[in-house]
Amino acid sequence: MKPIFKILSSLGNQVTSRIWRLGSAARLFLLTLIYSGESFRRIHLTIREIYFTGVMSLIIIIVSAFFVGMVLGLQGYYTLQKYGSSESIGVLVALALLRELGPVVTALLFAGRAGTAITAEIGLMKATEQLSAMEMMAVSPIARIIGPRFWAGVISMPILASIFSMVGVMGGYLVAVPIIGVDHGAFWSQMNVNVDFRFDVVNGLIKSFVFGVACTIIALYEGFDAPPTAEGVSRATTRTVVTSSLTVLGLDFILTSFMIAH
Amino acid sequence: MDKTTLDIWVGLFVAIGIAALMGLAMKVGNLTSNTLGETYAVTANYENIGGLKPRAPVKSSGVVVGRIDNIKFDTKAYQAVVTLKIDKRYPFPKDTFANIYTSGLLGEQYISLEAGGDENFLKEGDRISKTQDAVVLEKLISQFLYNKATEEPKK
């Protein structure tokens, strides 16, 4: 009987600790929102963070978007030409990027590029007791450290996703028109007719906004919650990437099913 | 880093983002091409609308003149009631035909307006009485088979 109880108790412990972590992450999220007025009063802090999370991620976003677009162009052409509709390649590339790949791949790259940096930075701040020092000086770490990083992530993500989609479409264009030889006019006009602003572009933006909130708050929470040791910070960084990637993919399914359902 | 340089970079970043979004809206999306001006709504009843969907185009001579606003089912007549929004720049006579066609073999369905000869024009809330249902492929095939079967065998 004893081993069964042991398994059961470890299972219960796992579940409750997960729920506990979710709850405290939600608390951090709420506190961030409450304190965001205070963090916006020092707007240059947020601008500085936009530079570190957004501008510094531009290179990886643009390069990967370009390659994703080119691969989409090649693969799409390979399948579409079998049905004699290689002109639809523009539609395929644009819809795939706007609806799915733009927001999702941007969020995954963002979690790897910016999320880890946020977690490591805050974890190290905690390990070296900078956060406690701030509290001693009656400066709220949530308003001063968490808030600007949160808003920077939330603002950067839709911008990065838009850039990703646009650069991806250009990559697709480069493969389809000059290299393969699809007609230039057909490429753009088919895309123009079949891509809807409200249902494709705006829905993609909504997705990337939600991913921005999720990725940033996970990175912030993991850093804030990290055990103040070298090992603890490294573990927290790993967890940031794993948790945000899974959350993004899960949220993507939920959001897509809502957007298609209407 | 210097504060001004930082501001310039972030400003550039936001500007590129907005430019990308504008590009997506204008060049990739259809924000510019299908914006109808002011519209007037007319309805048309059909026995069968096939795969017609809201937001499908309303065309006349192949030119998009409007969009389908919504599709309802009328339980009194047991017919589909389709509301069309047509651009005010394009007035149509009262005896206009509204037929459901398919673009290409497997393409989307749309309503084609063929103008009649009436001197009065359709107004907001009018009903187009001359309609033609969507072609249902199964019906067509069964009709064809039926005709074949009833044909006199040639000797």
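Okay, let's start where the chains meet: 24 residues of chain A are in contact with 19 residues of chain B, contact being C-beta atoms, placed from the backbone, within 7 Å. On chain A's side, the elements giving two or more residues are α2 (43-53), α4 (89-127), α6 (141-180), α7 (184-194) and α8 (197-225). The largest share, 6 residues, comes from α6(A). By type, that side of chain A splits into 16 nonpolar, 5 polar and 3 charged; nonpolar is Ala, Val, Leu, Ile, Met, Phe, Trp, Tyr, Cys and Pro, charged is Asp, Glu, Lys and Arg, and the others, Gly among them, are polar.

Quick caveat: this is a predicted model, where local features need pLDDT of at least 70 and side-chain atom pairs pLDDT 80 or more, while totals for chains, interfaces and linings use all residues. Residues are numbered from 1 along each chain as its sequence is written, and chains are lettered from A and ligands numbered from 1 in written order.

Now chain A itself. It has 9 helices and 0 strands, as DSSP runs numbered from the N terminus: H or I, at least four residues, for helices, and E, at least two, for strands. Of its 262 residues, 44% are buried, so each of those has 20 or more other C-beta atoms, placed from the backbone, within 10 Å of its own; 12 or fewer is exposed, and in between is partly exposed.

Over to chain B, and S60(B), in strand β2 (residues 57-60). Why is S60(B) called partly exposed? Because it has 18 other C-beta atoms within 10 Å. Leaving aside neighbours within four places in sequence, S60(B) contacts V65(B), S112(B) and L113(B).

Conventions. Two residues are in contact if their C-beta atoms, placed from the backbone, lie within 7 Å.
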